[in-house]
Amino acid sequence: MIGLAATSPAYSLAAVLGPVVALVGVHAPGVLLASFVPMLLIAGAFAALNRVDPDCGTTFSWVTRALGPGTGWIGGWAITMTGVLVLGSLSEVGVRFTLLAVGLDGWTESVPVVMGLTVALIVLMAWICVRGTEVSARLQNGLILAQTAALAVFAVVALARGLGGDSPFGALTPAWSWLDPFGAGGAALTSGLLLGVFAYWGWESAVNLTEETTNPRTAPGRAAVLSTVVLLLTYLGVAVAVVSFAGTGFLAANADEEEAVFALLSTETLGGWDWVVLLAVATSAIASTQTTIIPASRTGLSMARRGALPRRFASISPIHRTPDVSTWWVAAVGVGWYVVVGLISENALYDSITGLSLLIALYYALTGLACAVYFRRRLLGSVRDLLLLGVGPIVGAALLTWLLVLSVRDLADAGNSYTGQAWLGVGPPLVIGVGVMAAGLGLMLWWRRRDTAFWAERPSVAPRPQW
């Protein structure tokens, strides 16, 4: 449940489906299918590494173990900062769609109202995270079931009306060719894959809870892999239904409007019941607001207890048994980023979210590489080990590295940003993404001079298999 909630399927579809259709047309389901491949391979790497090192710091701990403390620190920083950068945006979407669902459309036009409610929601979600993992899990059960049921109703009605030709947009009949990701050409596929990776991002939150989970060496890894499979089925089902009902023209024309895909289509599809879909997106964003805090706070805890951050961040609440200090720090920095960037401009906030693609691809690729390096002595032990511990993670890391390079190229063009104006001669998302990593590098070097214990760690390797 937490792996799915962290991915925020309803919000992710609302955010990426329009832009993907604008790029590849009816082949949008195929691009979502292709984006699933590197996610599944990296999820397998997460599961394998978690079996030998069930550490809530996940990528930080595993990359440190395999590649050394410097690379591990950068991986941990990337995870933490993705949570900080996206926290305010997710919370704001939850607020906006909740207001739309209850008929308070006018409130969404008020910046003070939206910003105030967004900050309040972040604080509330952080408080729930501190209260305990069981409380968080029970809340997520309700939220993910609500959005999944609403998405299912929407998809079934939209597909039925699309197949029946009952659509004001000009319905299309689904075809197997829609699942061909190469149908629109290589350049369009590349851009679509970048969006697809963002749509799947977040499933690893389940593994960040490994130290708070029954059967910590196996259950979180299975949850991560299972989450990606469930997401694939959800995305394909909804994408086929939406493209069938709305066609490609409407979706492409409204590609820049996150609210358009579900806010407008739900009214056309369900009539007076459109609040069901609006509430699905709202619960999706609210659930993800909470679960986004989890990996960032647990990574901070893991880094602090090994001396990679000040020890204060390793504090555990004696009452609730959760990382209270790191949780509140994540919430505070997330609120600060949201308010400051949001006051600059709404487009600057969107550009900061776009810059996430750099950090996401980086720490996923590092995890895949760390898996192959750590298990290198076992790769020739069996075909299964070679494929699952070596080939799969390396292929996943290579694909994500390729997408990372393409992201840098595309984001360097200011025309690909929401702001539309160059910062330091390049696009704002690239400045934000590189700036965040540069700040992390500076912080790492500063802390290394203050506390040298963590930097004495040396890479290790899994033992050879017993014949």
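The questions below look at salt bridges and a nonpolar surface patch in this predicted model.

Q: Which residues are linked with R305 in a network of salt bridges?
A: Side chains of opposite charge can pair when their charged atoms come close. The side chain of R305 meets that of D55 at 3.3 Å, N to O, and it also meets that of E211 at 2.4 Å, N to O. The residues linked with R305 in the network are therefore D55 and E211.

Q: How many residues apart are D55 and R305, the pair that links distant parts of the chain?
A: D55 and R305 meet in a salt bridge through their side chains. D55 lies in the loop between α3 (28–52) and α4 (59–67), whereas R305 belongs to helix α13 (residues 275–305), and the separation between them is 250 residues.

Q: Is D385 buried or exposed?
A: D385 forms a salt bridge with R378, with 3.7 Å from N to O. A residue counts as buried when its relative accessible area is under 20%, and because the value for D385 is 10%, this residue is buried.

Q: Which helix gives the largest share of the nonpolar patch?
A: The patch on the surface includes V383, L386 and W402, and its residues together have about 880 Å² of accessible area. One of its members, L380, is found in the loop between α16 (356–374) and α17, and L380 counts as exposed because its relative accessibility is 76%. Eight residues of the patch, the largest share, come from helix α17.

Definitions and conventions: Residues numbered from 1 in each chain as written. Predicted model: local features only at pLDDT ≥ 70, side-chain atom pairs only at ≥ 80, totals over all residues. Heavy atoms only, no water. Patch = residues over 30% accessible without salt bridge, like charges linked within 9 Å, V, L, I, M, F, W, Y side chains within 5 Å. Areas by Shrake-Rupley, 256 points an atom, 1.4 Å probe, with all protein chains shown as cover. Salt bridge = Lys/Arg side-chain N within 4 Å of Asp/Glu carboxyl O. Helix = DSSP H or I, 4+ residues; strand = E, 2+ residues; numbered from the N terminus. Buried < 20%, exposed > 50% of the residue type's maximum accessible area, 1.4 Å probe, protein only.
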